[in-house]
Amino acid sequence: MPSFEEARGIILAHVKPLGEETVPLLEALGRIISRDIAAPWDMPQYDNSAMDGFAVRSEDCAPIPATLEVTGFLPAGGSDLPHVAPGCAVRIMTGAPIPSGCSAVVPIEETEFRGDRVVITQRVLLRQHIRVKGADVAAGARIVAAGTRIRPSEIGMLAAMGQAMVPVQRKARVAILSTGDELVELGETPALGRVINSNALSLAAAVREVGGEPVLIGIARDDSQSLKEKLREGFACDALITSAGVSAGDRDLVREVMAELGATEHFWKIGMKPGGPTSFSTRDGKPVFSLPGNPVSTMVTFELLVKPALLRMMGQRNVIRPFVKGILAEDAHKKPGKVHFIRVTVKQRHGRHVAYCAGDQHTGILSTMTRCDALAALPLDATFLPAGTEVDLALLREVDLVTEYAA
Ligand code: AMP
Ligand code: MG
């Protein structure tokens, strides 16, 4: 039976980036750019004014005060460039191209402006307040490196460089299949013995949150005919996630039917809890994650095992989010032999993450999942961890949002 890390390693060894597609710029937000993008031109594209003021010849401005004749006006967007003759100044607005003859811009605040004359009241340096062509980015320079996740700042840079369409790594289309005779779809009222297929929704949300495209293919019943049909449907996507039907019950048929359909199983069962009965297979090179059905197990195994794989498929290079260190606020007991990921709330005390048990840790208890801020890893062989023990935490919320300073 592989350990949690071994299982994750096996999964990652069987997935690779899906390839690229070209999308309109705004659609690239949050995606991984698939190629280096080079600047097609200098930025700025022409020398221009950094201030509202006057375009002057710097040599005309000493000694101060110096009086110049105002012979023209250049607004931002102006392309009709009046020449700056000796002894003259041209009113200029921020962003306007630098006209011929001009060797400095004097900000309006450093002048006294009197209609057709301007008095320069402060010392003027050669080239002051001129944004020089190519000073920000030179033509040909790399503006965004392949592998970068696109943020609003990259969108802005790419837009400034005229990139209306950009190459990004493809999104994974991920089929989500729930299995079980007891399941009803959201919207139906569950009769006694029935439960709503909530795993499909939590998994779809999780897929979407990592940037994938969930494809809900519904419920397969606990019989091989129904499973075969639905699994085949799932194989059409880039990856398939099933939930339930992988434990040792006599109606747990998912693995058996997968094998009949030609899938290769790489492991079944992992030394972790929750998530013990998880199975991972590939079929025609596509990954199939068969997760246990208890809603908490489904979410935890997605977070720790499926998510890194989907990120890799969508072109992210570093896919394993490192644990952060925290300390247990209370004693914890466990059986040896598996790493236990317990649901904890986290508070920040004197610069350290302190983890409190979020409640009942049974995998059927969903409320501890909504309440928790992190999963705390209690090591494989540990049996008793006294309060104060340092543990690894997988944060499930932004750490800022769980921060609370002790008075
Ligand atoms: P199983 O793995 O089939 O033994 O299911 C374990 C538990 O998870 C049972 O209590 C199921 O009712 C529950 N369960 C299975 N699938 C789902 C699902 N799609 N949504 C919510 N609960 C589920
Ligand atoms: Mg079942």
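Two strands are taken as paired if DSSP finds at least two bridges between them, and strands (E, at least two residues) and helices (H or I, at least four) are DSSP runs numbered from the N terminus. The model is a predicted one, in which local features need pLDDT of at least 70 and side-chain atom pairs count only at pLDDT 80 or more, while totals for chains, interfaces and linings use all residues. Residues are numbered from 1 along each chain as its sequence is written, and side-chain values use heavy atoms, with hydrogens and water left out.

**View 1. Strands S20 and S21 run antiparallel.** Strand S20 (residues 279-283) is joined to strand S21 (residues 286-291) by five bridges, and arginine 283 has lysine 286 in S21 as its bridge partner.

**View 2. An open sheet of six strands has the order S16-S13-S17-S21-S20-S18.** The pairing is mixed, and the edge strands, S16 (213-220) and S18 (264-268), each pair on one side only.

**View 3. Helix H1 (residues 4-13) has buried residues, namely Phe4, Ala7, Arg8, Ile11 and Leu12.** Buried means under 20% relative accessible area (1.4 Å probe, protein chains only). These residues lie on the same side of H1 because they cover an arc of only 135 degrees around the axis, the arc being that of the directions from the helix axis to the C-beta atoms.

**View 4. Ligand 1 has polar contacts (pairs of N or O atoms within 3.5 Å).** A polar side-chain atom of glutamate 182 lies 2.7 Å from a ligand 1 oxygen atom, whereas a side-chain N or O atom of asparagine 197 is 2.9 Å from a nitrogen atom of ligand 1.

Terms used. Chains are lettered from A and ligands numbered from 1 in the order in which they are written. Buried means under 20% relative accessible area, exposed over 50%, partly exposed in between (1.4 Å probe, protein chains only). A polar contact is a pair of N or O atoms within 3.5 Å; within protein, one must be able to donate a hydrogen and the other to accept it, and residues adjacent in sequence count only if both atoms are side-chain atoms.
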